[in-house]
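Reader: I am new to this structure. Please take a close look at one part of it, the sheet in the chain written first, and then say what else can be set beside it.

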Amino acid sequence: MRLLAACSACVIYLLIHYSSVAHASADNISIKELLVEIIDSNINVDCRIKYVLDDKIKAAISNGIEVSFILDIELRMEREFWLDTSVAELSREFRIKYHALSKQYVMIDTENGHERSFPDLFSAFFFIGHLRNNHLASIDILELDKQYYVRARARLQAEKLPLPLRIKSYFSPDWRPSSGWTSWPM
Amino acid sequence: MADVKKSAIRERWWLAVLFAALIAAILLMADATQSVAYFGRLHNWLLPINTVLLAIFLGLIAYNVGQLLRQLRRSAPGSRLTLRLVLLFVVIAAMPVFIVYTFSIWLLQKGVDSWFDVQVEQALQDAVDLSRSSLDLHIRTLSQQAAPLVKQFVGADSFNATLTINDLLGSTGAAEIALFDPNNRIIASGSAEPTTVVPQIPAESVLQLASQGESYIALEPVQETSFQIRMVFPVPADLPAGETRLLQFIYPVSDRIGSLAENVQNAFGQYNELIYLRTPLKQNFILILTLVLSLGVLFAVFAAFYWSRVLVEPIRELVEGTKAVAAGQYHKKLVVQQKDDLGLLVASFNRMTERLTVARDTTIINQRIIENQRTYLQTILEHLSSGVLSLDNSLALKTINASASEILQVNMNQFVGKQFMQIGVTHDFLKEFCLSVLNKLKQTSEEWQIELEVFTPQGRKNIVCKSVRLPSEEESQSGYVLVFDDVTTLLQAQRDSAWGEVARRLAHEIKNPLTPIQLSAERLRRKLLPNLAAEQSDLVDRATHTIVQQVESMKLMVNDFSDYARMPVMEPEPLNLNDLVSDTVELYKGDQQNVNITLELDSHALHIRGDSVRLRQVLHNLIKNAIEAMPKGQKCEVGITTFPFDYSNSKYAGIQIIDNGPGFPEDVLPHVFDPYMTTKQKGNGLGLAIVKKIVEEHNGAIRAENQHGGGAMINVRFPLYGYAVQRDKPRLGAKAK
């Protein structure tokens, strides 16, 4: 009886987990392209991301809620008989908020603190959806006899939402859109 | 006992810890409602703590509910009371919680809404509009200044455009001027700040707007507290097929204006954010409140289970203890877990069981003592030769002993519990005995003694009966006890002894003068007879002859007396009674014409132990008695039967002699075996007395009675030789039997 209850709980958890992931990856954020270039012994990544957000998030931004998006890029090494490992990681975080006085959407790159204003959300997401020359690692860390691949994930940082919305995000996947991990071979 | 206490202490600790956690959660909740920021900081703790508590309470309650259901299914003692108490506690706890919850929801709605003011909101909106108007005026002035400058860049190449830009930077006050191609590539640019190398690229939507020939003029925030004005104008191509380029001006806004505008923006932005978050915030407060109150209710339910169990436990133990005591387990001890009234009750129960145990042990010991005494008395009673009866106050028979049945010749066990008079009603020959005893009992309550004569089927019995009242404080134990003895044999022995003494003296006193009388008579006859005349001689002859004859007769009578009084030494030996009877009867065959003796002997040999000479005398006397009893001229029919029989657990050989004579006169029958009791003219009355004496010397018994159809019947019995006399074991509890 206890085993049956435990199994049922696991099945319910997996169903909820995968349904939310599938929902998020299908409608919200998707990584369209990941281009890896070796420039001057550096591994650079160009990334094209499509942000299709729920109206609730757009409304929240338009009402002055600051929303944070993050792009995680990992260079991973394949391993036999064991889990793959990450050899280099890169994160780009952008915060977007609405400036009521100027009716502009302000995008802040948290890496360098640069701000840019956009007249609409489309322009703002277009900007953070085309990230070029992201320095991932030096080519020196690569081993010749190993297989590598790059994977990326863009998502809304629900943990940085204001508290009332954060609690909502626990119960609604609409408030935590994510592209899920998308891999490209090198 | 120690385990139970440890378990109770552990449970109380758990309850205290859970209660402390609940209080902490409520306090956190209370603190969290003070401000949104504080709520945000505590939120990370509130949810996990409450969730964990919720899971713990739900688990504990589920466990307790399951336990209670199992107890209810098996109808465990106290389970129904526990259910009632739990329901009562839950209802008592839930009602105020529900009221508080409803009131809190209402208060939350009103409280959060009170943070916002319509006037403040309108004021902020007005401030924003005012700022916009002010800035728009400034922007409009600048755009009117910048718009005509676009013509200077029509058809200008990169070099000329750069020169123009540098000129304009100085004259227009712009912070940055840049010229872009349709693909947003820089053709020329210039900045008032020497450090700025790369111009700010316009956004994608601006490019689209410009491509459609529209200008873009907007105030843009820069960094935290400053603004800039971006103007993007399409630059018409100098040729029809040429590309439309974009000219971008960026004007700075003064720090003073920027600072003021930012203040307005910050205030409006924060207020707008709060308004937007109002609904989710209320939802969150309600969620947390619901969570905490749910915890409160669950804690109350769990506490209800705990306290119900604590309250019911002593009662349950008492129920089990009472059942155990009812089942005779007086050693049952209950654990005193509490020092309250229920604990006192449990302690009292334990004292009661202790006393019951002592009382039961004492009772058992007393019962054993009483049983032993009863057995002892019963054994004595059963082996008493005297009959003993006890009667209650209503004169109903309570107890008897075996000798009572033997003496009265009835089975007395059937009368136990019945009225004493019922014995006389059932057995007619005991009617006089019962009436006499009852009369005596009614006459006096003192000790008394009477001698009664009872005519049982086996003959007359002399019974000496004594009675004494049984003193007792209890009515059920009081009554009478009757003790009676069969003194028939004793009286008979005394009579026989007296008659023997009489006979011996009579023989001695009479026999001595008889010889001189006889000698004197013969001498007279010898001396006088020859000398007297014939007439006188004849007289003397007759007189002396009579004297001699009577003396002889008297001698015979004296000899009989002598024989009766003499106690010759008996020489017993085993013999067959059938042979003895046959040999004796053989002597009578052929001698007498008017006598017919019919023998009916048992097919089996009847061995007895006795003196054959004396037993022959018995048979001779009895046969002779039968023959002599027959009137002259009538034929005497004598029947002799031998048979074995059981009587009073002993085996006997019986002889029955019947005749066709007149039988015994009724007034003589009771004394037929007494000496000198005869109905014959020439009899000395010693025949049957001697017979009885010989029979009794052989441990036998003799009884005389008349047949219904006429004629006498003599029954004699002797113990069979070779059969030990078997008697019942001492009978205990004759009353019950």
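Author: Chain A averages a pLDDT of 82, and 85% of its residues score at least 70; pLDDT is the predictor's confidence in each residue, on a scale from 0 to 100. The model is a predicted one, in which local features need pLDDT of at least 70 and side-chain atom pairs count only at pLDDT 80 or more, while totals for chains, interfaces and linings use all residues. Residues are numbered from 1 along each chain as its sequence is written, chains are lettered from A and ligands numbered from 1 in the order in which they are written, and side-chain values use heavy atoms, with hydrogens and water left out.

Within chain A, confidence is highest in strand S3 (residues 67-77), at a mean of 94, and lowest in helix H1 (residues 2-27), at 42. Helices (H or I, at least four residues) and strands (E, at least two) are DSSP runs, numbered from the N terminus. Over residues 1-26 of chain A the pLDDT stays under 50, and the model has 11 contacts for this stretch beyond four places in sequence; a contact means heavy atoms within 4.5 Å. Where pLDDT is low, the predicted coordinates should not be read in detail.

Now the sheet itself. Chain A has an open sheet of 6 strands in the order S6-S5-S4-S3-S8-S9, with antiparallel pairing; two strands pair if DSSP finds at least two bridges between them. Its edges are strand S6 (115-118) and strand S9 (182-185) of chain A, each of which pairs on one side only. On average, neighbouring strands of this sheet are turned by 20 degrees against each other, direction ignored. Axes are lines fitted to C-alpha atoms, for helices over the stretch in contact, and angles run from 0 to 180 degrees between N-to-C directions.

S3(A) pairs with strand S4 (residues 85-99) of chain A over 11 bridges in the antiparallel sense. One residue of this pairing is A:Leu71, whose bridge partner in S4(A) is A:Arg92.

Two helices lie across strands of chain A. Helix H2 (residues 55-62) lies across S3, S4, strand S5 (104-109) and strand S8 (148-156), and runs at about 60 degrees to S4(A). Helix H3 (residues 121-128) of chain A lies across S3, S4, S5 and S6, and runs at about 165 degrees to S4(A).

Next, the second largest pocket, with a volume of about 1,200 Å³. Of the 49 residues that line the second largest pocket, A:Glu115, A:Arg116, B:Pro199, B:Gln200 and B:Ile201 are the closest to its centre. A pocket is found on a 1 Å grid over the protein atoms alone, as an open set of points where a 1.4 Å probe fits, with protein on both sides within 12 Å along at least five of seven lines; lining residues have an atom within 4 Å of a point. Grid points are joined across faces, edges and corners, and the volume is the space filled by probe spheres set on the points. Strand S7 (residues 130-138) of chain A gives the most to this lining, with 5 residues. The lining divides into 22 nonpolar, 16 polar and 11 charged residues; Ala, Val, Leu, Ile, Met, Phe, Trp, Tyr, Cys and Pro count as nonpolar, Asp, Glu, Lys and Arg as charged, and the others, Gly among them, as polar.

Strand S1 (residues 176-180) of chain B is joined to strand S5 (residues 245-252) of chain B by 5 bridges, and B:Phe180 stands opposite B:Leu246 in S5(B).
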